[in-house]
Amino acid sequence: MIDVSNPEYYIGLKKSGIGKIAMKANNNKYGSPIGITANSLNIDFEELKCLVEKEYEKNTTHKNV
């Protein structure tokens, strides 16, 4: 799950009603509407972890400048 500060914003971006319902359910159950299943990607878990950490660092660094 990806922790976001404004989950309703991301839920609002979803076009389909079913997608919004799924995101709301994820948010209620897991605390975030956004989840990434490593099994459905073309990279392994370690690559995904490194990518998420790299982008997180890049984005949090820019906000603190």
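Me: In which helix is Val52 found?
Reply: The structure shown is a predicted model. Val52 belongs to a nonpolar patch on the surface, together with Ile36, Leu41, Ile43 and Leu51. The element in which Val52 is found is helix α3.

Me: Does Val52 count as buried, partly exposed or exposed, and what is its relative accessibility?
Reply: A residue counts as partly exposed when its relative accessible area lies between the limit for buried, under 20%, and the limit for exposed, over 50%. Val52 falls in that range and therefore counts as partly exposed, its relative accessibility being 34%.

Me: What accessible area do the residues of the nonpolar patch have together?
Reply: The patch lies on the surface and is formed by Ile36, Leu41, Ile43, Leu51 and Val52. Taken together, these residues have an accessible area of about 360 Å².

Me: How far apart are the closest N and O atoms of Glu55 and Lys58?
Reply: Glu55 and Lys58 are three residues apart in helix α3, about one turn of the helix. Glu55 is partly exposed, with 29% relative accessibility, and Lys58 is partly exposed, with a relative accessible area of 40%. In their salt bridge, the distance between the closest N and O atoms is 3.1 Å.

Me: Is Ser32 buried or exposed, and what is its relative accessible area?
Reply: Ser32 lies in the loop between α2 (17-30) and α3 (45-63). Leaving aside neighbours within four places in sequence, Ser32 is in contact with Met1, Ile2, Asp3, Val4, Asn26 and Asn27. Buried means under 20% relative accessible area. Ser32 is therefore buried, its relative accessible area being 2%.

Me: Which residue's backbone nitrogen does the side chain of Ser32 reach?
Reply: Ser32 is a residue of the loop between α2 and α3. At 3.2 Å, its side chain reaches the backbone nitrogen of Ile34.

Note on methods: Residues are numbered from 1 along each chain as its sequence is written. This is a predicted model: local features need pLDDT of at least 70, side-chain atom pairs count only at pLDDT 80 or more; totals for chains, interfaces and linings use all residues. Side-chain values use heavy atoms; hydrogens and water are left out. Helices (H or I, at least four residues) and strands (E, at least two) are DSSP runs, numbered from the N terminus. Buried means under 20% relative accessible area, exposed over 50%, partly exposed in between (1.4 Å probe, protein chains only). A polar contact is a pair of N or O atoms within 3.5 Å; within protein, one must be able to donate a hydrogen and the other to accept it, and residues adjacent in sequence count only if both atoms are side-chain atoms. Contact means heavy atoms within 4.5 Å. A salt bridge is a side-chain nitrogen of Lys or Arg within 4 Å of a carboxyl oxygen of Asp or Glu. Patches are made of residues with over 30% relative accessible area and no salt bridge: like charges are joined within 9 Å, nonpolar side chains (Val, Leu, Ile, Met, Phe, Trp, Tyr) within 5 Å. Accessible areas come from the Shrake-Rupley method with a 1.4 Å probe; for residues, only the protein chains shown count as cover.
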